[in-house]
Amino acid sequence: MRQLRVKLKRGDITQAEYEAAIDAEIAKCIQFQEEAGLDVLVHGEFERTDMVEFFGVQLSGFAFSEHGWVQSYGSRCVRPPIIYGDVARTGPMTVREFKVAKSLTDKIVKGMLTGPVTMINWSFTRTDIPRSEQAMQIALALRDEVADLEAAGAKMVQIDEPALREGLPLKPERWDEYLSWAVDAFRLSAAIAKPQTQIHTHMCYSEFGDIIEHIERLDADVLSIENSRSNNETLFEITDAGYKHQVGNGVYDVHSPAVPSTQEMVQQLKTGVANLPVQQIWVNPDCGLKTRGWEEVIPSLKNMVEAAKILRQEANLTEK
């Protein structure tokens, strides 16, 4: 993918050739997910350089440095956007790839977006207006994208907010002010969705216990969390607080090259079932899989699906 982007930037290939190559990867990804037995599919996000940069380059009011790299994870680096003006969407950002994926399967394909709070917290923001106002501008742009995804047939849209807790002020007495506008920005981005459209969000390695009432106020239908890496501590914080929405309590650590066995994930799921009503539980990895190679991803996801089937049989649930 990186080589493709370099060729496009140099003018060695056309935009049409680039998109054709992306579409070929989407087709492979959809085929693999169907073969693995996943219920809800994604297009793979092959066209995305970074979950914030990808959206920033398509929104007005964002600028990017040429070589201003910041370390993100391991040897992976990103170029944080610089917000210099009012933010607005100039056109659909993810709809083309979503349509390609949806045309290749009869299963549900999730629309995938980065949330306004994460975009703010992972960008260099303006100093002349409050961060809250900038977040609301981004939320309005994302709201238009949600509407377009729905019009394209999306029944589920995920608005990722892995950096929600990262933005907490150092002084706890200022937390409520930040969380008030942060949650409002997320809700604004999803507010246009129809009642039957399922809104997902994802949060990475965070301690949720002391902000759980704010996470509840996000009003996301499904919250997927890092859980395996924390040895279920994240799950326990959520269940202790009586969280009412559905939860994807991650069943394996995506930052390890180890391929988890089916039995390991069955045990992880059993911990979830022991702490949450089974109707609230989704089965997914801790986080996204961009740090892993296909040779690790394919057997891991196949084992994960098998673990879900085993638990469904034990719980006398009918598979979708």
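## Phe 98 and its surroundings

Leaving aside neighbours within four places in sequence, Phe 98 is in contact with Val 109, Lys 110, Gly 111, Leu 149, Ala 152, Gly 153 and Ala 154, where contact means heavy atoms within 4.5 Å. Phe 98 belongs to helix H4 (residues 95–102); helices (H or I, at least four residues) and strands (E, at least two) are DSSP runs, numbered from the N terminus. With a relative accessible area of 3%, Phe 98 is buried, on a scale where buried means under 20% relative accessible area, exposed over 50%, and partly exposed in between (1.4 Å probe, protein chains only). Phe 98 and Asp 39 are separated by 59 residues in sequence and by 17 Å in space, C-alpha to C-alpha.

This is a predicted model, in which local features need pLDDT of at least 70 and side-chain atom pairs count only at pLDDT 80 or more, while totals for chains, interfaces and linings use all residues. Residues are numbered from 1 along each chain as its sequence is written, and side-chain values use heavy atoms, with hydrogens and water left out.

## The parallel sheet

Six strands make up an open sheet with parallel pairing, in the order E7-E8-E9-E10-E11-E12; two strands are taken to pair if DSSP finds at least two bridges between them. The edges are strand E7 (111–114) and strand E12 (281–282), each of which pairs on one side only. Four bridges join E7 to strand E8 (residues 156–160) in the parallel sense, and Thr 114 stands opposite Asp 160 in E8.

## The antiparallel hairpin

Strand E3 (residues 70–73) and strand E4 (residues 76–78) are paired in the antiparallel sense over three bridges, and Tyr 73 has Arg 76 in E4 as its bridge partner. Two residues lie between E3 and E4 in this hairpin, and Gly 74 in the turn has a positive phi of about 60°.

Most residues other than glycine have a negative phi. Glu 45, in the loop between strand E1 (40–41) and helix H3 (53–56), has a positive phi near 60°, and its relative accessible area of 29% makes this residue partly exposed. Asp 219, in the loop between helix H8 (212–217) and strand E10 (222–225), has a positive phi near 65° and is likewise partly exposed, at 46% relative accessibility.

Beyond its neighbours within four places in sequence, Val 157 is in contact with Gly 111, Leu 113, Val 146, Leu 149, Thr 197, Gln 198, Ile 199 and His 200.

## The cavity

A cavity is a set of points, on a 1 Å grid over the protein atoms alone, where a 1.4 Å probe fits but cannot get out, and lining residues have an atom within 4 Å of a point. Grid points are joined across faces, edges and corners, and a volume is the space filled by probe spheres set on the points. By this rule there is one cavity of 30 Å³ or more, and the largest cavity has a volume of about 40 Å³.

The lining of the largest cavity consists of Tyr 252, Ser 256, Pro 257, Ala 258, Leu 289, Arg 292, Glu 296, Val 297 and Ser 300. These lining residues divide into five nonpolar, two polar and two charged, with Ala, Val, Leu, Ile, Met, Phe, Trp, Tyr, Cys and Pro counted as nonpolar, Asp, Glu, Lys and Arg as charged, and the others, Gly among them, as polar.

Key:
1 Å grid on protein atoms, 1.4 Å probe; cavity = no way out; pocket = protein on both sides within 12 Å on 5 of 7 lines; lining within 4 Å.
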